[in-house]
Amino acid sequence: MDSDVLTLVIILAVILAAVLGVLLVRGGKVPEGTYPETRDADDRPDDASEASSTAVAAPEDEEAGAAAEPELAEPAEPAEPAEEPAPALETPEPVAGRLARLRARLVKSNNVFGKSLLALLSSDDIDDDVWDEIEETLLMADLGTEPTTELLDRLRERVRVEGLKDPERVRTMLREELTALVDPSMDRSLNVDVSGRPSVVLVVGVNGVGKTTTVGKMARVLVAEDKDVVLGAADTFRAAAAEQLTTWGSRVGVPTVSSDVEGADPASVAYEAVSAGIEHESDVVMVDTAGRLQNKSNLMDELGKVKRVVEKQSEVDEVLLVLDATTGQNGLNQAKVFAEVVDVTGIVLTKLDGTARGGIVVAIQRELGVPVKLIGLGEGPDDLAPFDADQFVDALLEER
Ligand SMILES: Nc1nc2c(ncn2[C@@H]2O[C@H](COP(=O)(O)OP(=O)(O)OP(=O)(O)O)[C@@H](O)[C@H]2O)c(=O)[nH]1
């Protein structure tokens with residue numbers, strides 16, 4: 001009987017020890033890939049109260065406590081599983097020649113425009129009806145009312161004086177006039193060669209125009225030009241945006257500063273991204289921001305705040321407004337409001353592969369006095385090209 005009790009006690013002791021062991025192992029395990037020091041944010045992107053802006057203005061201040069401390073994700077070391085090899089880094093396509101490669105898409109989407117204009121202008125007798133049709137074609141391509149009237153006047157004059165009939169001469173005339181409207185003299189270079197500190201690029205725009213994609217594609221453009229880049233995922237509004245941006249960066253070895261707290265203060269993330277860029281002596285810091293409606297004044301105020309907070313430690317060298325070419329004149333209204341809140345220095349026109357509204361280039365530049373610097377021509381990682389007035393117009397008028 002005694003030995004039975006003893007045996008029972010031993011069995012119970014063994015079971016207890018086993019259970020305790022399992023619990024200890026589970027409780028003590030730190031998941032690999034978690035980043036330390038991330039605190040909760042209590043101010044959300046649409047909260048434009050003074051309290052939140054003060055907290056964000058000094059993101060390094062421990063007492064502020066409101067801003068989630070962003071983290072610098074090092075893409076070359078995937079977090080888990082640890083034994084998985086780092087994915088091979090991609091080599092982005094060289095920037096020169098990209099527009100030539102993507103030209104076919106531009107030609108395809110805008111071909112109707114060029115073709116109709118050429119056909120109409122080559123008519124034997126260009127009467128008022130034909131001029132009306134020409135006007136309609138220009139307006140349909142979103143050239144805008146003022147540039148359309150201007151172009152019509154110029155064309156009428158040249159047809160009258162030069163008496164054009166030969167299709168090749170008509171094409172040359174149209175090319176000259178359209179190119180003048182697109183304005184090859186505008187400086188379309190990106191201001192990313194500041195010395196002594198990283199150049200800071202802020203990317204803004206409404207929802208879904210392609211901001212995050214554009215920042216990712218631009219990182220590749222910069223890497224192709226041998227620049228050290230840091231990305232800032234200040235789009236803390238859309239849950240997947242930071243992850244999306246981190247993935248873009250990691251493909252080309254570019255680190256991304258982000259917060260894993262949804263709704264963390266975007267100004268804080270932007271600030272930390274610029275700090276990281278300065279600390280790592282990077283060439284360029286690119287900050288992606290949340291898509292916002294231009295009629296939501298608190299969101300627009302917040303955007304102004306992101307810029308002001310960044311400016312506490314560095315100038316902002318480029319503010320790129322991303323516009324979706326397929327939205328046409330609506331994009332123009334967006335552009336005007338954004339330009340009032342942050343000084344827009346360049347336009348990135350996306351989705352030009354899916355629209356015949358290429359004329360929007362002219363309308364936007366006219367309205368804002370700001371050049372289109374880059375155009376998006378597809379969803380591929382290197383489907384972003386520097387804009388070139390001559391090549392653009394050539395593509396519009398190319399025969400297919
Ligand atoms: N065809 C085409 N699609 C594009 C282009 N640029 C971006 N896109 C697509 O547009 C969609 C939206 O892109 P995002 O980068 O997520 O847009 P966003 O502006 O960051 O969106 P929010 O964060 O919600 O404001 C994605 O499916 C992109 O692949 C382009 O030049 N051509």
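I call a residue buried if 20 or more other C-beta atoms lie within 10 Å of its own, exposed if 12 or fewer, and partly exposed in between, with C-beta atoms placed from the backbone. I am working on a predicted model, where local features need pLDDT of at least 70, side-chain atom pairs count only at pLDDT 80 or more, and totals for chains, interfaces and linings use all residues. I number residues from 1 along each chain as its sequence is written.

I started with Asp 226. Is it buried or exposed? Asp 226 counts as exposed, because it has 7 C-beta neighbours inside 10 Å. I found Asp 226 in the loop between α7 and β3 (229-234). I take helices (H or I, at least four residues) and strands (E, at least two) as DSSP runs, numbered from the N terminus. Asp 226 is not a glycine, yet its phi is positive, about 65°.

I then looked up Asp 183. Asp 183 also has a positive phi, about 70°, and is not a glycine. Asp 183 sits in the loop between α6 and β2 (199-204). Glu 133 is partly exposed, since 16 other C-beta atoms lie within 10 Å. I checked Glu 133 against Leu 120: they are 13 residues apart in sequence, and 7.7 Å apart in space, C-alpha to C-alpha.

I sorted the shell by class. Ala, Val, Leu, Ile, Met, Phe, Trp, Tyr, Cys and Pro count as nonpolar, Asp, Glu, Lys and Arg as charged, and the others, Gly among them, as polar.

**Entry: two domains**

I took domain bounds from an automatic or database domain assignment. The assignment gives domain 1 (98-182) and domain 2 (199-391). Their C-alpha centres lie 32 Å apart.

I call two residues in contact if their C-beta atoms, placed from the backbone, lie within 7 Å. How many residues of domain 1 are in contact with domain 2? I found 20 residues of domain 1 in contact with 25 residues of domain 2. On the side of domain 1 that touches domain 2, the elements giving two or more residues are α3 (98-121), α5 (145-162) and α6 (167-182). Of these, α3 gives the most, with ten residues. That side of domain 1 divides into eleven nonpolar, four polar and five charged residues.

**Entry: a UniProt feature**

UniProt, in an unreviewed entry, places "domain: SRP54-type proteins GTP-binding" at residues 371-384. UniProt positions are in the numbering used here, feature names are shortened, and annotations may be inferred rather than shown by experiment. The span 371-384 is 43% strand and 0% helix, with its end C-alpha atoms 16 Å apart.

**Entry: confidence**

I read pLDDT as the predictor's confidence in each residue, from 0 to 100. The chain averages a pLDDT of 80, and 78% of the residues score at least 70. Where does pLDDT stay under 50? I found residues 19-68, for which the model has 71 contacts beyond four places in sequence. The pLDDT is also below 50 over residues 75-79, a stretch with 13 contacts beyond near neighbours in sequence. For the complex, I noted an ipTM of 0.96 and a pTM of 0.79 from the predictor.
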